[in-house]
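Welcome, and thanks for taking a look at this one with me. Please keep the sequence and the 3D view side by side as you read the notes below.

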Amino acid sequence: MVTKIKTCCLNGLKRLLEGLSKYVQFLQHNRQMLYAIILIILVPLILAGNTFFVVDGMGKNMDYELRLKAELAGSIIATYSSDILDKQESIQSKLEEVVNQSLYGTIRQAEVLVPEGDDYKVFASTDTERLGEILPQWHYAFVDHEDQAIATLFTTYGDAGEERVWKVVTPIHGSDADTVGLVEISVSTRHIDVQTRSVLVKSFIVLLGSVVIVLLLIATNAQLFEYAVLFHKLKEVDEMKDEFISVASHELKTPVTAARGFLDLVQQQIKEDTTNMVGDQVRGDIDKAVQCLDRLSELVADLLDVSRIEQNRLKVAMELISMTQIVDEVVSDMKLTAENKGIFLMVEKPSVDVPEIMADEGKLRQVVTNIIGNAIKYTFEGRVEVIINTTWESVMLNVKDTGIGMSAKDRERLFEKFYRVKNRKAKDVVGTGLGLWITKQLVEIMGGKIYVDSIEDVGSEFTIEFPIYRPDGKKAKREENHE
Amino acid sequence: MSDDEKKKHQTKKISSFGDIQVLMIEDDPYLREYYRRILEREGAQVETADDGDDGLAAIQRHTADIILLDVMLPGITGIEILQTVRAKKIEVPPIIMLTDLDQPGVEDKAREMGAYDYLVKHEVNAHDIKNVIEKAVGL
């Protein structure tokens, strides 16, 4: 039985500690929260502490004042009384006067005592019932000893509850400087205490109020804390994304490249196979596998591009580039493909020099390849014209084809992700549907524009346009170039 | 390269690679096999290493005429290997980085670190490899 209780307690304690340590870890990771919590606890505490100390200090000051007042009254009465200790009525009336004049009834009681043997007798008192009472000597031993006014603090418990009373005893000196009597004045600190208490209560209310307000603030801003935590997490995730894309692309491309590579080797060996051991069907099968891998490879590259562009992780290195040069290179790469399809691919350049434009070389090449490649893909007979044009303000690349064209609806949705022109003529055309979306994004990121025009069954025309920058970095404008 | 090294490479008049000792540091087994095949087809002798440590050890055996170094290896990057080689002042033959063009600036950084040239590994074919290697070895 006892062991059961023991294990229960231990488990409970363990869980409590675990919970606590989780909180501690959580707080460690969220410094902001920790600081906030500390502030929430500290600030009201400081406010409260400060108020308390101020009020307490003031109270003590007033206490002291009271005591001084009593001492003063005592010494006045002592001086007054020293010569007339036989005139009871005069002293009595003086006492009553002093007490009646005290503010707030602070001076409770005033008495003049004269020695009676070893003890003291009440000679005059504002409390007439005490007249003639004998008070033991030891009450006043201090005064005798010190021979000056002594103040003592008493706490009495009466009908009105606890009350603090200063009793100040002042010796009355006779003509030859020995003690001939005592003046005892009692002052109550009641009114100070009442005030102090009321101030303390008020400040306590203010404290509670401020804590409530702070708690309300926290409650309504609890969301903010959540967001702070979330923000922290998002930043971490954001940093992991870059690495993820890197690693993912590496992992995706590797098997595709390897597969493509081995098939390449097989195709080469088939080519060198003079005995024709490998039939046409097998060759065809391998060719199809190769085409699929090429598509997969393109898709992976496109998806990575899309992912990067969407997350603004695309890094462009802008520099001055010759559009003409890029176009020439791309066209020479694609000449063979066009020829195999029986299409005429030509480039037309203007008679004037084409100024360089600001662009990222790799990305521009990707864009031009995509546009010219599309033109060739969607054209089955005729020609693809690549025209370079320049105005005062911009350099334009125009790619016109005599291909299958597209409808107005197609034109509208052309640049959407995965959108591909689908009609009877286009059904054999392969593609990812991402090329134009990527192209448009890249063109716009580099500061250019892209337009399309097309008539179904006649052909399409794609135009990309890039602004020319003057040496000072501003875009060239028509007006400024007039001599 | 020192004058002696240059002479050594010049006397190796290779017609179609034969005799060239290639050290390939690449972690993917399939890609390794594929590169080996296309290199051996051209007559080269191929030694392989599949991670950074083995690679550095192989480099320090000084048996290779040319090194193909992958940009990403388990636990260490190709660039880091270049840095180690440079820091320890290890004598190396021309190093060609195999990059996947995924991180911008890697090629420039590689050149800075002393790589001779780079190949884009996902567009590698026998022709390109041959050209690059021939250029590196000084044919």
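1. Let's begin with one residue. Beyond its neighbours within four places in sequence, Leu68(B) is in contact with Val22(B), Met24(B), Ile25(B), Tyr35(B), Ile96(B) and Leu98(B). Contact here means that the C-beta atoms of two residues, placed from the backbone, lie within 7 Å.

2. A word on the model and its labels. This is a predicted model, in which local features need pLDDT of at least 70 and side-chain atom pairs count only at pLDDT 80 or more, while totals for chains, interfaces and linings use all residues. Residues are numbered from 1 along each chain as its sequence is written, and chains are lettered from A and ligands numbered from 1 in the order in which they are written.

3. Is S3(B) largely enclosed or open? 5 of the 5 residues of S3(B) are buried, so the strand is largely enclosed by the rest of the structure. Buried means 20 or more other C-beta atoms within 10 Å of a residue's own; 12 or fewer is exposed, in between is partly exposed, and C-beta atoms are placed from the backbone. Helices (H or I, at least four residues) and strands (E, at least two) are DSSP runs, numbered from the N terminus. Ile66(B), Leu68(B) and Asp70(B) point one way from S3(B), with Ile67(B) and Leu69(B) pointing the other way. In a regular strand the side chains alternate between the two faces of the sheet.

4. On to the cores. The largest nonpolar core has 36 residues, and Val22(B), Ile67(B), Leu68(B), Leu69(B), Ile96(B) and Met97(B) have the most contacts inside it. Elements of chain B that each supply at least two residues include S1 (21-25), S3 (66-70), S6 (95-99) and helix H2 (29-41). The largest share, 5 residues, comes from H2(B). Apart from this core lies another, of 33 residues, with Ala375(A), Val384(A), Ile438(A) and Leu442(A) among them. A nonpolar core is a set of buried Ala, Val, Leu, Ile, Met, Phe, Trp, Tyr and Cys residues joined through C-beta atoms within 7 Å.

5. In chain A, please look at helix H10 (residues 435-445), which is mostly covered, with 9 of its 11 residues buried. Among them are Trp437(A), Ile438(A) and Leu442(A). The cover includes helices H6 (280-310) and H8 (361-377) and strands S12 (449-455) and S13 (459-467) of chain A. Just after H10(A), Gly447(A) takes a positive phi of about 90°.

6. How do H6(A) and H10(A) pack? Their angle is about 40°, with axes 10 Å apart. That makes H6(A) oblique to H10(A). Axes are lines fitted to C-alpha atoms, for helices over the stretch in contact, with angles running from 0 to 180 degrees between N-to-C directions; under 35 degrees is roughly parallel, over 145 roughly antiparallel, 65 to 115 roughly perpendicular, and the rest oblique. Asp302(A), Asp305(A), Val306(A) and Ile309(A) in H6(A) meet Gly435(A), Ile438(A) and Gln441(A) in H10(A).

7. Finally, S12(A) and S13(A) form a hairpin with 3 residues between them, paired in the antiparallel sense over 7 bridges.

Terms used
Two strands pair if DSSP finds at least two bridges between them.
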